[in-house]
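Visitor: Hello! Could you walk me through this one, step by step?

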Amino acid sequence: MDLQQLQELVNIESDRLMLQYNETPDPKLVILARTVKLSEESGELADQILGYCGLQRKDKMYKYSMDKLSKELADVIITTFVLAKACNVDIIKAIDDKMQIVSQRKLNGEVNPIV
Ligand SMILES: [Mg+2]
C-alpha cells in the first residue's frame, strides 16, 4: 500500500465512521479526539520501544515483541493520517513539502537535516 492508497482508505473509513452519529459531531471535538488517539498510539509505541531497548520493567517485558512494535509504528502513521483528515490537512502534500525542506537542508550541508 502506498501513501495515496492509505489516504483514500482513511478518507473512506473516516466518512463511514461519521455516518454512525445521529448528529454531526463538533469538528473541534473530532480533532481533539483524534489528537488524544494519536497520543494513545504514541504511548503504545513508546512502550514497545522500551521493550525493544530492554529498558522496560521485567514484569512488563512480556508485552514486547517485534510484531507488536511494527504494528504500533503503523498505528502512529495511520492515526496521523486520520488526524490530518480531521484538520483538513493534505498529509501527502505536507510530507512532500517537508521532504523538499529536508532536501534543501541536505544541500546546505546541515548535520541533521530530517529534524
Ligand atoms: Mg496501537
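Guide: Gladly! One term to begin with: a helix here is a DSSP run of H or I with at least four residues, and helices are numbered from the N terminus. Please keep in mind that this is a predicted model.

Visitor: What is the phi of N88 near?
Guide: Most residues other than glycine have a negative phi. N88 is a residue other than glycine, yet its phi is positive, near 55 degrees.

Visitor: And where is the place of N112?
Guide: Helix 4 spans 91–107. N112 comes in the segment after helix 4.

Visitor: How far apart in space are N112 and V102?
Guide: In sequence, N112 and V102 are ten residues apart. From C-alpha to C-alpha, their separation in space is 9.2 Å.

Visitor: Which elements make up the protein, from the N terminus on?
Guide: The protein has four helices and zero strands. From the N terminus on, the order is therefore α-α-α-α.

Visitor: Is the protein compact or spread out?
Guide: For 115 residues, the globule rule gives 13 Å. The radius of gyration is 17 Å, well over that value, so compared with a compact globule the protein is more spread out.

How values were computed: Residues are numbered from 1 along each chain as its sequence is written. This is a predicted model: local features need pLDDT of at least 70, side-chain atom pairs count only at pLDDT 80 or more; totals for chains, interfaces and linings use all residues. Helices (H or I, at least four residues) and strands (E, at least two) are DSSP runs, numbered from the N terminus. The radius of gyration is taken over C-alpha atoms; the globule rule is 2.2 Å times the number of residues to the power 0.38.
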